[in-house]
Amino acid sequence: MALTRPTGKHRAPSRMTRGSARIAGVATLATTGVCGTLASPALAAETGAASLEDTGTMVVLSADAEMDSLADEVADQAATQRLEAIARVEAAEEAQRKAEARAEELREAEERAAREEERKRLNAFQAPVAGSHVSTGYQTGGSLWSSGSHSGIDFHAPHGTPVMSVGAGTVVEAGWGGAYGNNVVIRMNDGSYTQYGHLGSIGVTVGQAVMPGQQIGLSGSTGNSTGAHLHFEARSGAEYGSDVNPLAYLRAHGVPL
């Protein structure tokens, strides 16, 4: 029986046909882009490496920028703190200067007050016998006085009563004064003179400076006297006969009598 060669669609392709098909398939794949697809991983890897490099550079740049920004912020804070510290120091120094100036003002005010108080004290006058009164007035007439009238005033003062200078001055006489007995004469700082007679004892010396209210002796009844008392005179000069009204003199100096 004769063998028949198969034909039609069931005929197996030849080797040549299969090879051509493969070649055609490869060409087709290349044409259709499949090869491009297959090749894309390598390209992607290359592209990805470049992207990573770019990204890494950007990260480094970003980190540098952040560090610069932080450094600037720290520098600004440090500068601000320095300025605040300087301001505090200047404020403290200014407060110290003001406190010192105020203390100096208070010190000067106290010194002025002390000087004024001393001036007032030096210029102050008081009665020669504390708590006393005038027993015999100025220019009272009578045979008891050689001039025919009383050249001063008498203050009631029992024996041993303290006698004080009526103001600030310098002692120009301290001793026996004849009819005045033991007496003290003081040249006052204002240029006038005061005299204290019939003293029982004297407590100052010539040339001695005395202050208002300073004790200069004790009352008595020495000289031309009929009993213990203080004879007080005020004079415009050192000489006898330059007497002025003692009451008017003391009142003019603020002594209430």
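Before I show the first feature, a definition: a patch is made of residues with over 30% relative accessible area and no salt bridge, where like charges are joined within 9 Å and nonpolar side chains (Val, Leu, Ile, Met, Phe, Trp, Tyr) within 5 Å. Accessible areas here come from the Shrake-Rupley method with a 1.4 Å probe, and for residues only the protein chains shown count as cover. A salt bridge, in turn, is a side-chain nitrogen of Lys or Arg within 4 Å of a carboxyl oxygen of Asp or Glu.

What you see is a predicted model, in which local features need pLDDT of at least 70 and side-chain atom pairs count only at pLDDT 80 or more, while totals for chains, interfaces and linings use all residues. Residues are numbered from 1 along each chain as its sequence is written, and side-chain values use heavy atoms, with hydrogens and water left out.

With that in place, Met67, Leu70 and Val74 form a nonpolar patch on the surface, and together they have about 290 Å² of accessible area. Valine 74 belongs to helix α2, residues 34-123, where helices (H or I, at least four residues) and strands (E, at least two) are DSSP runs numbered from the N terminus. Valine 74 counts as partly exposed because its relative accessibility is 45%; buried means under 20% relative accessible area, exposed over 50%, and partly exposed in between, with a 1.4 Å probe and protein chains only.

Let me step back to the whole chain. The protein chain has three helices and 10 strands, and from the N terminus on, the order is α-α-β-β-β-β-β-β-β-β-β-β-α. Of its 257 residues, 24% are buried, and the chain exposes about 16500 Å², of which carbon and sulfur atoms supply 58%.

Now to the charged side chains, where a search of the whole structure finds eight salt bridges. In one of them, glutamate 94 is paired with arginine 97, with the closest N and O atoms 2.5 Å apart, and because these two residues are three apart in helix α2, about one helical turn separates them. Glutamate 94 is partly exposed at 34% relative accessibility, and arginine 97 is partly exposed at 47%. Further along, arginine 107 forms a salt bridge with glutamate 104, at 2.3 Å between the closest N and O atoms, and both lie in helix α2, three residues apart. Salt bridges that share partners join Glu104, Arg107, Glu111 and Arg115 into one network.

Next, the aromatic rings. Three aromatic pairs are found in the whole structure, a pair being rings of Phe, Tyr and Trp (its six-membered ring) whose centres lie within 6.5 Å, with planes under 30 degrees apart counted as stacked, over 60 as edge-to-face and the rest as tilted. Phenylalanine 125 and tyrosine 249 have ring centres 5.9 Å apart and planes at 80°, so this pair is edge-to-face. The pair links distant parts of the chain, 124 residues apart: phenylalanine 125 sits in the loop between α2 and β1, and tyrosine 249 in helix α3, residues 246-252. Phenylalanine 125 is buried at 14% relative accessibility, as is tyrosine 249 at 9%. Elsewhere, Phe155, Tyr196 and Phe232 form one aromatic cluster.

Finally, the backbone. Most residues other than glycine have a negative phi. Histidine 198, however, has a positive phi near 65°; this residue is found in strand β6, residues 193-202, and counts as buried because its relative accessibility is 5%.
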